[in-house]
Amino acid sequence: MTTPLELVQTAQEFVRQQIDLGEHEFPCRRAPLDAFYDSIKDCQRCPLGKLRTHLVFGGGNPHADVMFIGEAPGRDEDLQGKPFVGRAGQLLDKIIQAIHFTREQVYIANILKCRPPNNRDPEPEEIAQCEPHLVRQIELIQPKIICALGRIAGQTLLKTSESLGRLREKVHRYHSVKLIVTYHPAALLRNPQWKRPAWEDMKRLRREYDGVEL
Ligand code: URA
């Protein structure tokens, strides 16, 4: 019969072998989202890869039920490697808090992972190259509800050219996941009169979230 001491020794031997084999990361145990980040962090699928300071992968709870998806990193995000850390990010924090979530509870990502020069709109080819990364990220996180921030995020996720006004009107499905489209926080900073309708969108998001089976 194996004694507890022998069991411990066998386990120690296994760990030693794994380290010798260079497999000390224990792929089966590693958080899948971290492993995915490692696999794309040096991405050069489009020319933005050469221009970036940091690839902005996304951040928050890897098991989040709510996911916010913006357009692309801006200057602050590119410098820090984190999504929504500039002025628009501060407003997004307030929006998240207003519907009784915390930033740590949700997950925030973008359509593009690298900053377009001078914050211009993403090119269709950049979206085509980068979107598979986001698709995989959504598959791994498995949110219950997605909030698309702005026209580019809404149109890209829903594969449509409908206007933001039309997209805001209803609750969509991204595969089987509920999806709501609202104004981008940067647009709200430029057009404060849109804050009231954006608040209606956020109340709808909260209602839809409260209605889903968690
Ligand atoms: N705007 C975005 O769409 N994403 C960010 O991360 C920051 C600003």
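A residue is near a molecule if one of its heavy atoms lies within 4 Å of it. The model is predicted, so local features need pLDDT of at least 70, side-chain atom pairs count only at pLDDT 80 or more, and totals for chains, interfaces and linings use all residues. Side-chain values use heavy atoms, with hydrogens and water left out, and residues are numbered from 1 along each chain as its sequence is written.

Q: Which residues surround the ligand?
A: The 4 Å limit applies here. The residues that surround the ligand are Gly70, Glu71, Ala72, Glu77, Pro83, Phe84, Asn110 and His184.

Q: How much of the ligand's exposed area does the protein bury?
A: Accessible areas come from the Shrake-Rupley method with a 1.4 Å probe; for residues, only the protein chains shown count as cover. Taken alone, the ligand exposes 230 Å². Of that, the protein buries 91%.

Q: What share of the chain's residues is buried?
A: Buried means under 20% relative accessible area (1.4 Å probe, protein chains only). The chain has 214 residues. The buried share is 43%.

Q: What percentage of the chain's accessible surface belongs to carbon and sulfur atoms?
A: The accessible surface of the chain comes to about 12200 Å². Carbon and sulfur atoms hold 51%.

Definitions and conventions:
Buried < 20%, exposed > 50% of the residue type's maximum accessible area, 1.4 Å probe, protein only.
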